[in-house]
Amino acid sequence: MRHIDIHQRSLKDPQAFWAEQAKGLYWDQPWERVLDDSTAPMYRWFAGGHLNTCYNAVDRHVDEGRGEQLALIHDSPVTGSITRFTYRELRDRVALFAGALLRQGVKQGDRVIIYMPMVAEAAIAMLACARIGAVHSVVFGGFAAPELAKRIDAAHPVLVVSASCGIEPGRVVEYKPLLDQAIHLAEHKVPRCIVLQRPQCPASLIAGRDLDWNEAQTGVEPAACADVLATDPLYVLYTSGTTGKPKGVVRDNGGHAVALWYSMQAVFDAQPGDVFWAASDVGWVVGHSYIVYGPLLRGCTTILYEGKPVGTPDAGAFWRVIAEHGVKTFFTAPTAFRAIKKEDPRGELIGKYDLSKFEALYLAGERCDPDTILWAQEKLKVPVVDHWWQTELGWPAAANCRGIEEMEVKPGSAAVPVPGYDIRVLDPAGQQVAPGTIGNIVIKLPLPPGTLITLWQNEQGYRDNYLARYPGYYLSGDAGYIDADGYLWVMSRIDDIINVAGHRLSTGAMEEVLAGHPDVAECAVIGVADALKGQVPLGLVVLKSGVKRAPEEIVRELVARVREQIGAVAAFKQAVVVPRLPKTRSGKVLRATMRSIADSQSYNLPATIDDPKILEEVGAALKGLGYARDKA
Ligand code: COA
Ligand code: AMP
């Protein structure tokens, strides 16, 4: 069957379509309604059904005779180790840790924060939560203590699972002091922590609160899989919004399992036993969906990679992993390829490895420049699939679904809507635009299974942020167009979210940090184009009158502040002092105009600007940093 026919069927009769896909999983009790629209626009999938996500991802494969197949490979060039787990071993490890959680009093529906580097134990902790029906909330290890504290206060965890340290090339990042500081900063008091001690830097534990990972499991009974409703939450994942307050995306159990199971075959063409590798981090949605749940639900072997595309040890790191483990499908962010291309422009290291099992490369997380796609295609000689989705959606919304039909690749486009997604482009008045015209990318409700069901304890926020702009549609926050062949071209964000090396960050959160500096009167953070990371943040600050200190000194403090309060991952390294910020007469800071100036792009002078001279001042300041080269 052709993609277009399957896509149409999925929209015409979503109930029948998704009921059919759901048969691929093991249900403890079948659903009563495939799509419960009784509280629309808050939809629920597989209402009344019972299934355990951990059972489907792990135990089921053992029960069906694939217990000796590899489930998880931890490949860690930063520690020089490779650890392999069969499905049977993974089941036993997960069941034991789930038992440890139960022993600590974790109950169904309780939240557990996981703040860990890329160790196998992070996936084990996630699956253990799923096993007992607890709700995990993984926090990316590159976030600093105040960001972790925000998530502790939002999720109110009964327990935090962490590790003594993470390992970045050239430095050991001590996690435990960050955890201690976050717990100190948070209003919600975390009663219990379980800490994995790593030999690179063991941590001191706080008696009465902290437990060693191994000790916590000593003498514990392995836990059975709990009875979980399909509509119960599986996890909350906090993602950047336009303000400093992250949004807690809630994923259910049933819709999530069905959608990921389906996407593994339809989008990624992955079969049980295939080796599937997503080089991301468990702290991001890609890690949740395609390091942990997706490949395991499908019975694949998944790789959890603790390393970088370059420097661990060189730009051949990815090819080494693909060759060593026989990877068939590989997923990463375009920025990783730009890093490789910079170090090995001719792709000479590729030839050193046997990539005969490698069939396709998938890129997502940020807009992929056509040069990168063409380079990857030419050097790797496999199909390169750019696909579009978001933390909120949980799985690809637009892609070249190679499991259904291999379609023509148009570099720069994320291809066509995936079955289940009715993607439209609307103008500000809510009218659908003509093919090729840029507008707001929206998805007609109901969203398919596996997408967010709400924001954690903030249904109003969900409605306001995503559903209110165009009733009946989900607002993606991206702008772009659909061409005459039905291909989606995602061009930019419509809000102040930026994408730095595939990491989603809020300029609003950085502005809050800069504004907290005692010498800063007002500020703006914009995302400027960067050849490696796609975008990087840049701060423009106006000092309080009377401040006599050297601007360079203040800039140094601002850079340190963002690193301490948000984390190194923000990659906030540049700021400049300006006399004034350009604003509309109503006081709105003209961030988009400043971004165009920085990127040397043409822009329309906003009619309502306060004083156009300010743009010249900003242009001059940006020139000093090497931006605004051609015109300003
Ligand atoms: N724990 C602690 N610190 C972390 C971290 C973690 N888990 N992840 C990143 N950091 C730190 C880095 O060490 C770096 O610190 P520095 O400023 O002291 O150098 C900073 O955060 C920025 O990291 P990163 O954005 O990764 O930049 P980089 O310069 O170290 O590496 C790339 C550049 C392109 C190689 C890297 O960004 C990359 O591999 N990107 C792939 C993106 C990806 O997987 N995205 C996930 C979505 S699919
Ligand atoms: P995240 O929630 O971190 O996955 O980031 C989602 C955002 O990244 C989207 O809203 C887009 O702005 C951007 N993005 C992700 N994938 C693509 C893609 N293939 N093309 C263009 N932008 C993308």
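**Close-up 1. The side chains of His 325 and Asp 75 are joined by a polar contact of 2.7 Å.** In this predicted model, His 325 belongs to helix α10, and with a relative accessibility of 9% this histidine counts as buried. When residues up to four places away in sequence are set aside, the residues that His 325 touches are Ile 73, Asp 75, Ile 82, Arg 84, Val 275, Ile 303 and Arg 320.

Close-up 2. Leaving out neighbours within four places in sequence, Ser 76 is in contact with Ser 81 and Glu 306.

**Close-up 3. Helix α3 bends at Asp 59.** The helix spans residues 53-66, and the bend at Asp 59 amounts to about 45°. Most of α3 is covered, 10 of its 14 residues being buried; these buried residues are Thr 53, Cys 54, Tyr 55, Asn 56, Ala 57, Val 58, Asp 59, Arg 60, His 61 and Val 62, a list that includes Asp 59, the residue at the bend. The elements that cover the buried residues of α3 include the helices α4 (87-103), α5 (120-132) and α9 (285-297), together with the strand β12 (233-239). At the N-terminal end, α3 is capped by Asn 52, of which a side-chain oxygen lies 2.9 Å from the backbone nitrogen of Cys 54.

**Close-up 4. Ligand 1 is surrounded by 23 residues.** The closest of these residues are Glu 168, Arg 171, Lys 533, Arg 563 and Lys 573, and by class the shell around ligand 1 divides into 11 nonpolar, 6 polar and 6 charged residues. Arg 563 places a polar side-chain atom 2.8 Å from an oxygen atom of the ligand, whereas for His 503 an N or O atom of the side chain is 3.5 Å from an oxygen atom of ligand 1. Val 569 takes part through its backbone, from which an N or O atom lies 3.3 Å from an oxygen atom of ligand 1. Of the 930 Å² of accessible area that ligand 1 has on its own, the protein covers 83%.

**Close-up 5. Ligand 2 is surrounded by 14 residues.** His 387, Thr 391, Asp 478, Arg 493 and Arg 504 are the closest of them, and the shell around ligand 2 is made up of 3 nonpolar, 5 polar and 6 charged residues. A polar side-chain atom of Asp 478 lies 2.6 Å from an oxygen atom of the ligand, and a polar side-chain atom of Asn 499 lies 3.0 Å from an oxygen atom of ligand 2. A nitrogen atom of ligand 2 is, in turn, 2.8 Å from an N or O atom in the side chain of Asp 386. The protein covers 92% of the 500 Å² of accessible area that ligand 2 has on its own.

**Close-up 6. The peptide bonds from Ala 40 to Pro 41 and from Thr 312 to Pro 313 are cis.** For the bond from Ala 40 to Pro 41, omega is near 10°, and Pro 41 is found in the loop that connects β1 (33-36) and β2 (44-47). For the bond from Thr 312 to Pro 313, omega is near 0°, and the loop in which Pro 313 is found lies between the strand β15 (301-305) and the helix α10 (317-325).

**Close-up 7. His 156 and Ala 415 have positive phi values.** His 156, although not a glycine, has a phi of about 50°, and its place is in the loop between the helix α6 (145-155) and the strand β7 (159-163). This histidine counts as partly exposed because its relative accessibility is 38%. Ala 415, likewise a residue other than glycine, has a phi near 70° and lies in the loop between the strands β19 (398-399) and β20 (416-417). With a relative accessible area of 5%, Ala 415 is buried, whereas His 156 is partly exposed.

Technical notes: Residues numbered from 1 in each chain as written. Chains lettered and ligands numbered in written order. Predicted model: local features only at pLDDT ≥ 70, side-chain atom pairs only at ≥ 80, totals over all residues. Heavy atoms only, no water. Bend = angle between axes of the 7 residues up to and from the residue. Helix = DSSP H or I, 4+ residues; strand = E, 2+ residues; numbered from the N terminus. Buried < 20%, exposed > 50% of the residue type's maximum accessible area, 1.4 Å probe, protein only. Contact = heavy atoms within 4.5 Å. Polar contact = N/O pair within 3.5 Å; in protein donor to acceptor, adjacent residues only side chain to side chain. Near = heavy atom within 4 Å. Areas by Shrake-Rupley, 256 points an atom, 1.4 Å probe, with all protein chains shown as cover. Nonpolar A, V, L, I, M, F, W, Y, C, P; charged D, E, K, R; others polar.
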